[in-house]
Amino acid sequence: MCKVDHQAAAVTATAALAAAHPHLLQRDSAHPALEGCEHVEWSAIPGCPVDVSVVLRGLLDPDAAEMAERALDWLVMSGPMSISFTMHAVVPYLLRLTVDPSTPRRNELVGIVLVAAALSAPTDPDNAWDLAVGGLEEDHPERALCRAAFMANAVWVRRLLADDELLAGLHLDDGERASLVQAAGL
């Protein structure tokens with residue numbers, strides 16, 4: 001099986017983003033959705049090889065948003081069906097960005113939020129398929145951290161779920177809605 005080095009890919013994607021859009025390296029973001037992101041010790045998060053603030057600022061720039069989203073994908077996923085330890089630290093900012101109608105690629109960011117919600121769900125120890133796909137819960141502390149981030153930011157999940165205009169364009173099914181509600185403890 002081919003194994004992809006997500007950390008190396010994240011470094012490469014973020015470096016390409018910064019090279020193409022050097023203004024993103026400036027440490028200040030006036031956007032309220034990113035309040036506090038400059039103060040996060042990104043390097044202290046296991047497996048987080050870059051300053052995620054650069055990527056988050058890129059999500060707000062219409063010219064850089066697509067490239068920033070690709071870099072974010074590498075940062076928050078550790079494999080095809082697993083989130084990284086970085087995801088829990090990014091969830092608050094993603095939720096705030098998704099409720100802002102001026103955010104470029106907003107629908108795609110909601111998709112990342114939905115993936116985070118679904119992949120952070122606890123594994124049912126009595127379900128063999130669930131265990132085969134997700135593994136034991138104690139082997140994946142990143143999922144509990146992600147659920148805690150959703151719960152701590154439940155107000156933003158409520159706002160996302162109340163945004164009828166956004167949700168109408170996304171065509172969320174009941175399972176996706178339920179996943180968000182469960183992740184946020186609503």
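User: Which element gives the largest share of the lining of the largest pocket?

Analyst: That's α6, with four residues. Keep in mind that this is a predicted model.

User: Which elements each supply at least two residues of that lining?

Analyst: Those are β2 (82–83), α5 (106–119), α6 (128–134) and α7 (141–152).

User: How many residues line the pocket, and which lie nearest its centre?

Analyst: The lining has 15 residues, and M81, L119, V133, G134 and R143 lie nearest the centre. By class, the lining splits into eight nonpolar, four polar and three charged residues.

User: And how much space is in there?

Analyst: About 300 Å³.

User: OK, switching to helices. How do α3 and α4 cross?

Analyst: The axes of α3 (residues 65–76) and α4 (residues 86–98) come within 9 Å and cross at roughly 140°. That angle is why α3 counts as oblique to α4; roughly antiparallel would need over 145.

User: Which residues meet there?

Analyst: From α3, L72, L75 and V76; from α4, T86, M87, V90 and L94. Six residues of this contact are nonpolar, one is polar and none is charged.

User: Now the rings. How many aromatic pairs does the structure hold?

Analyst: One. The ring centres of W42 and Y93 are 6.4 Å apart and the planes sit at 55°, so the pair is tilted.

User: Where do those two sit in the chain?

Analyst: W42 is in the loop between α1 (6–20) and α2 (52–60), while Y93 is in helix α4. They're 51 residues apart, so the pair links distant parts of the chain.

Note on methods
Residues are numbered from 1 along each chain as its sequence is written. This is a predicted model: local features need pLDDT of at least 70, side-chain atom pairs count only at pLDDT 80 or more; totals for chains, interfaces and linings use all residues. Side-chain values use heavy atoms; hydrogens and water are left out. On a 1 Å grid over the protein atoms alone, a cavity is a set of points where a 1.4 Å probe fits but cannot get out, and a pocket is an open set with protein on both sides within 12 Å along at least five of seven lines; lining residues have an atom within 4 Å of a point. Grid points are joined across faces, edges and corners, and a volume is the space filled by probe spheres set on the points. Ala, Val, Leu, Ile, Met, Phe, Trp, Tyr, Cys and Pro count as nonpolar, Asp, Glu, Lys and Arg as charged, and the others, Gly among them, as polar. Axes are lines fitted to C-alpha atoms, for helices over the stretch in contact, and angles run from 0 to 180 degrees between N-to-C directions. Angles under 35 degrees count as roughly parallel, over 145 as roughly antiparallel, 65 to 115 as roughly perpendicular and the rest as oblique. Contact means heavy atoms within 4.5 Å. Rings of Phe, Tyr and Trp (its six-membered ring) pair if their centres lie within 6.5 Å; planes under 30 degrees apart count as stacked, over 60 as edge-to-face and the rest as tilted.
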